Amino acid sequence: MEKLLNDFGDHVSRSLADIHDVPQAGFLAAKQMANVLQRTPMHLRSVRRENPLSDELEAALGLACQLDEPVSKFVPSFSKFADQLPWYRRAARGDVVFEHGYINAEVIGPKGIVFSDEITVGVTLMRPDIVYPDHHHPPEEVYIVLSPGFWRQKDEEWWAPGPGGYVYNVPDILHAMKSDADPLFAIWCLNLSPEI
């Protein structure tokens, strides 16, 4: 299992190091996150919680493995430890469609199967035709996009970075995402330490 996690961490680190089409701040943040991942020991913890959207995950991974690199390189290692992740949902304030249409998991981070207090690397999975509503958080964030889908910041227009694309969110910016006809699947990285 640790080899699979090391492979996944290496793929995320290399993707962050190769980031493009983001502002300079996103480029610098991704490079810092890549450095943190390279020195994070991949020791497995048992924190598993079942994924109620496992059918959608299978579909999303099936689509991702058909795509060219860099997207397809994430699938082999991730698919082998996905059922060990601590999958979770957040309260959706009465939006039942959203609440039952998405799921998150931390791979690396304070609650992940690999502990880190400097960075969180997680995944988001959404059924087709779901909007992840506007939200914000103090840490800056980089998404590595592994499927079709749309992102928005503040009151700007929706845009599609495409599989293999990136999204950078500055600290506390209001942002949202939505799936289209296929499940949305993305890796997100939060910088938990401004010192990195």
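**Salt bridges and pockets in the predicted model**

The side chains of aspartate 134 and arginine 152 form a salt bridge with an N to O distance of 2.7 Å, a salt bridge being a side-chain nitrogen of Lys or Arg within 4 Å of a carboxyl oxygen of Asp or Glu. The pair joins distant parts of the chain, with aspartate 134 in strand E4 and arginine 152 in strand E6 (residues 150–153), 18 residues apart. Helices (H or I, at least four residues) and strands (E, at least two) are DSSP runs numbered from the N terminus. Aspartate 134 is partly exposed at 37% relative accessibility, whereas arginine 152 is buried at 18%; buried means under 20% relative accessible area, exposed over 50%, and partly exposed in between (1.4 Å probe, protein chains only).

The model is predicted: local features need pLDDT of at least 70, side-chain atom pairs count only at pLDDT 80 or more, and totals for chains, interfaces and linings use all residues. Residues are numbered from 1 along each chain as its sequence is written, and side-chain values use heavy atoms, with hydrogens and water left out.

Five salt bridges are found in the whole structure. Aspartate 55 and arginine 127 meet in one of 3.7 Å, N to O. This pair also links distant parts of the chain, 72 residues apart, with aspartate 55 in helix H3 and arginine 127 in the loop between E3 and E4. Asp55, Glu56 and Arg127 are linked in a network of salt bridges. Aspartate 7 and lysine 3 meet at 3.1 Å, N to O, and both lie in helix H1 (residues 2–17), four residues apart, about one turn of the helix.

Pockets were located on a 1 Å grid over the protein atoms alone, as open sets of points where a 1.4 Å probe fits, with protein on both sides within 12 Å along at least five of seven lines; lining residues have an atom within 4 Å of a point. The largest pocket has a volume of about 690 Å³, a volume being the space filled by probe spheres set on the points, which are joined across faces, edges and corners. Its lining comprises 27 residues, of which Arg90, Asn104, Tyr132, His135 and His137 lie nearest the centre. Strand E4 (131–135) is one of the strands that supply at least two lining residues, and E4 gives the largest share, four residues.

The second largest pocket holds about 160 Å³. Its lining includes Arg48, Glu50, Leu57 and Trp87, and helix H3 (residues 54–65) contributes the largest share, four residues.
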